[in-house]
Structures are given as C-alpha cells and as structure tokens.
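Subject: Structure for you to look at

Hello,

Here is the structure I said I would pass on. Please open it and keep it beside you while you read the notes below.

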Amino acid sequence: MVDAILTELSKSSFDFRKFANPSDPLSELFDEWVSYYRLKFCVAKILQPKSILEVGVRYGYSARTFLEASPSARFVGVDLDCDSFGGQSGALGWARQITAAYDAEFVTADSQQMKRLPGSIYDLIHVDGQQDGDGSWHDLELAVNQSRYVLADGYFWTQQNLFFKPFDILCQLRQLKEHTTETTSVVLHAEGLIHFLRFG
Ligand SMILES: C[S@@+](CC[C@H](N)C(=O)[O-])C[C@H]1O[C@@H](n2cnc3c(N)ncnc32)[C@H](O)[C@@H]1O
C-alpha cells in the first residue's frame with residue numbers, strides 16, 4: 001500500500017492551489033503545502049474510497065483533494081467553523097463552493113460533543129480537527145470504529161499530540177475497535193511522513 005502511494009506520488013502533478021482561497025490568511029504557505037496535499041491526493045487515489053468523512057474541514061482543501069482522487073465518493077465534512085486549531089470562521093462557505101460538483105455535505109458541529117460520527121461506516125475518515133491530545137484521541141476513537149481507513153493528519157503537529165501516546169497508539173486503538181469483522185488501517189500523516197497501522 002505504501003509503495004503504491006509512493007509510486008503514485010512520483011508520477012503526480014496534483015496542485016491544490018487551483019482551488020485554494022486567495023483570501024486565506026495562511027495563503028503565504030500555499031507553496032509549502034503543495035507536496036502535502038499531493039500526498040493526500042495519492043493516498044485517496046490508491047484507496048479509492050466510495051465514502052469519506054472528514055473531521056476538521058477548514059476551506060475544504062483536503063475535501064476537494066480526496067474528491068478529485070475519487071470523484072464518485074460521497075463526502076461528509078464536520079467542522080465547528082471556529083478560529084482555533086487552524087480554523088477560520090466562515091471557511092466552510094468556500095469548502096461548499098469548491099466541492100459543489102461532487103456529492104458533498106457539511107455539518108457545522110463540535111465533534112467533541114459526538115458519541116458517534118454522523119452516518120454509518122465509511123471507507124475513509126480523515127481526522128484533522130481539534131488537535132490537542134484529548135481532542136485528537138476522541139476523534140480517532142470514533143473514527144476507528146466507523147471506517148475501514150483512518151487518515152490522522154498532522155498528528156505530530158501539536159505538542160499535546162506529540163506527547164500523547166505517540167508510540168502505543170496502535171495498541172490502544174486496537175483495544176477500542178468494535179468492528180472485529182472489518183480491517184481498519186490508521187494512517188498517521190505529517191510532513192510527508194505516513195505510517196500505516198493495520199488492524200485485523
Ligand atoms: C487544521 S484545520 C483542518 C484543515 C483541513 N482538513 C484541510 O486539509 O484543509 C482544523 C479544523 O478543525 C476545526 N475544528 C477545531 N475544533 C473542532 C471541533 N471540536 N469540532 C469540529 N471541528 C473542529 C477548525 O474549525 C478547523 O477548520
């Protein structure tokens with residue numbers, strides 16, 4: 001799987017800047033982010049998920065990236081539409097705009113208040129919301145029980161996450177998993193680094 005993604009990456013010229021919001025306050029970082037979204041594109045290109053849920057949408061750059069890689073997928077995005085953890089109030093409006101040609105819906109909600117993510121089982125859940133240790137853990141705990149693949153983004157970006165069970169997370173999540181008949185893989189993704197953690 002990792003080899004297939006890396007091979008795809010070596011051929012890909014995917015560039016998220018074609019749909020990025022020029023008014024994004026972080027626009028000076030766009031050039032740096034090209035390889036980051038390209039890797040996400042290649043992950044989805046190889047996995048070909050038919051259903052995707054994302055926690056933490058912001059302007060929808062990952063959402064559109066996944067949908068370009070797997071255009072027939074049904075996408076559900078959950079975002080608090082807040083100004084913390086890289087968020088920007090109102091950003092969901094742009095996310096809706098750039099995914100209008102796809103089967104995408106967005107829910108404005110606090111994932112931390114959820115006992116279950118909206119909908120049933122997904123092929124891919126992208127966890128990229130409240131990255132403060134407990135928040136990431138909460139979202140991962142829900143995601144791992146509702147998805148065949150979990151992409152945990154920016155997992156090592158915040159100090160809280162870095163020191164929050166970074167090494168034994170696989171064992172911890174394995175114990176949490178309820179769907180023993182399904183195989184779930186967790187992908188930790190940060191700065192071009194991906195780790196596949198496989199259950200089942
Ligand atoms: C790092 S950004 C997501 C970036 C996006 N995945 C992308 O690739 O462009 C984190 C997002 O999580 C959202 N967020 C923060 N706390 C949240 C919570 N408790 N529930 C839902 N969304 C949350 C923020 O509003 C922000 O949009």
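A place to begin is the pairing of two strands: S51 stands opposite R74 in β2. Please keep in mind that this is a predicted model. The strand β1 runs parallel to β2, and 5 bridges join the two. Between them the chain passes through α3, and this β-α-β crossover is right-handed.

Strand β2 also pairs with strand β3 (residues 103–108), again in the parallel sense, over 6 bridges. One point to find there is G77, whose bridge partner in β3 is F106. Helix α4 (residues 91–98) belongs with these two strands: β2, α4 and β3 form a right-handed β-α-β unit.

Is β2 enclosed or open? Of its 6 residues, 5 are buried, so β2 is largely enclosed by the rest of the structure. Apart from its neighbours within four places in sequence, F75 is in contact with I52, A63, F66, L67, T99, Y102, D103 and A104.

Now move to the other side of β1. Strand β1 (residues 51–55) pairs with β4 in the parallel sense over 4 bridges, and V55 stands opposite V127 in β4. In turn, β4 runs parallel to strand β5 (residues 147–153), with 5 bridges joining them. There, I125 has V150 in β5 as its bridge partner.

Strand β4 (residues 122–127) has 5 of its 6 residues buried, so β4 is largely enclosed by the rest of the structure. With α5 and β5, strand β4 makes a right-handed β-α-β unit.

How many of the residues of helix α5 are buried? In this helix (residues 134–144) the count is 8 of 11, so α5 is largely enclosed by the rest of the structure. The buried residues of α5 are G135, S136, H138, D139, L140, L142, A143 and V144.

Next, the nonpolar core. In soluble globular proteins, nonpolar side chains tend to be buried together. The largest nonpolar core in this model has 45 residues. Those with the most contacts inside this core are F66, F75, A95, L124, A143 and V150. Helix α2 (residues 30–47) gives the most to this core, with 8 residues.

There is also a ligand. Around the ligand are 22 residues, of which G56, S62, G86, G87 and Q130 come nearest. The elements that give two or more residues to this shell are α3 (61–69) and β2 (74–79). What is the make-up of the shell by class? The shell around the ligand has 8 nonpolar, 9 polar and 5 charged residues.

Last, some totals for the whole chain:

- The protein chain has 7 helices and 7 strands.
- Along the sequence, these elements follow the pattern α-α-β-α-β-α-β-β-α-β-α-α-β-β.
- Of the 200 residues in the protein chain, 42% are buried.
- Among contacts in the protein chain with a separation of 6 or more, 67% are between residues 24 or more positions apart.

Then go from β1 to β4, and from β4 to β5.

Regards

Conventions:
Residues are numbered from 1 along each chain as its sequence is written. This is a predicted model: local features need pLDDT of at least 70, side-chain atom pairs count only at pLDDT 80 or more; totals for chains, interfaces and linings use all residues. A residue is near a molecule or strand if its C-beta atom, placed from the backbone, lies within 6 Å of it. Ala, Val, Leu, Ile, Met, Phe, Trp, Tyr, Cys and Pro count as nonpolar, Asp, Glu, Lys and Arg as charged, and the others, Gly among them, as polar. A residue is buried if 20 or more other C-beta atoms lie within 10 Å of its own, exposed if 12 or fewer, and partly exposed in between; C-beta atoms are placed from the backbone. Two strands pair if DSSP finds at least two bridges between them. A crossover is right-handed if, with the strands pointing away from the viewer, the path from the first strand over the helix to the second runs clockwise. Two residues are in contact if their C-beta atoms, placed from the backbone, lie within 7 Å. A nonpolar core is a set of buried Ala, Val, Leu, Ile, Met, Phe, Trp, Tyr and Cys residues joined through C-beta atoms within 7 Å.
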